[in-house]
Amino acid sequence: VSICLECNSSKLRGLKRKWIRCSAQATVLHLKKFIAKKLNLSSFNEAPLTEVLFSWQLDILCNEEILGKDHTLKFVVVTRWRFKKAPLLLHYRPKMDLL
């Protein structure tokens, strides 16, 4: 799957290379880990591994809709990007807590 990852917030910087290609079986959680590692986010670098897996500070969106961490990219393409051309355009931003 070809993906374009764009930052949707002024609080985070953009990626050096926003175009990536990865397996359709990769999940949104894989993308979150990738973005956190590339941006050197403190929650990724300082927290223990078990805590990191459950306390991501990023949201990934497709068509202004937050994606679940267990969604595969194939699922996202089929359900959210069905009639649009490649690449899949995803945005990331700091996690927003909804009350």
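Reply: Gladly! Let's start with a salt bridge, which is a side-chain nitrogen of Lys or Arg within 4 Å of a carboxyl oxygen of Asp or Glu. Here Asp59 forms one with Arg93, and their closest N and O atoms are 3.6 Å apart. Asp59 belongs to strand β3 (residues 58-62) and Arg93 to strand β5 (residues 88-94), so this pair ties together parts 34 residues apart in sequence. Helices (H or I, at least four residues) and strands (E, at least two) are DSSP runs, numbered from the N terminus.

This is a predicted model, where local features need pLDDT of at least 70 and side-chain atom pairs count only at pLDDT 80 or more, while totals for chains, interfaces and linings use all residues. Residues are numbered from 1 along each chain as its sequence is written, and side-chain values use heavy atoms, with hydrogens and water left out.

Me: Are Asp59 and Arg93 buried or exposed?

Reply: Buried means under 20% relative accessible area, exposed over 50%, and partly exposed in between (1.4 Å probe, protein chains only). Asp59 has 4% relative accessibility, so Asp59 counts as buried. Arg93 is buried too, at 17%.

Me: How many salt bridges does the structure hold?

Reply: There are 4. One of them joins Glu6 and Lys18, with the closest N and O atoms 3.2 Å apart. Glu6 sits in strand β1 (residues 2-7) and Lys18 in the loop between β1 and β2 (19-21), so the pair links distant parts of the chain, 12 residues apart. Glu6 is partly exposed at 28%, and Lys18 is partly exposed at 32%.

Me: Which side chain does Arg80 meet in a salt bridge?

Reply: Its partner is Glu65, at 3.0 Å from N to O. Arg80 is in helix α4 (residues 73-80) and Glu65 in strand β4 (residues 65-66), 15 residues apart. Glu65 is partly exposed, with a relative accessible area of 35%.

Me: Which residues gather in a patch of positive charge?

Reply: Patches are made of residues with over 30% relative accessible area and no salt bridge, with like charges joined within 9 Å and nonpolar side chains (Val, Leu, Ile, Met, Phe, Trp, Tyr) within 5 Å. On this surface, Arg13, Lys16, Arg17, Lys37 and Lys38 form a positive patch. Lys37 is in helix α1 (residues 28-39) and is exposed at 56%.

Me: And how many disulfides are there?

Reply: A disulfide is a covalent bond between the sulfur atoms of two cysteines. The search looks for a pair of cysteine sulfur atoms within 2.5 Å, and across the whole structure it finds 0. Cys22 is partly exposed at 23%, whereas Cys62 is buried at 0%.

Notes: Areas by Shrake-Rupley, 256 points an atom, 1.4 Å probe, with all protein chains shown as cover. Lys, Arg positive; Asp, Glu negative; His and termini not counted. Charge placed at Lys NZ, Arg CZ, Asp CG, Glu CD.
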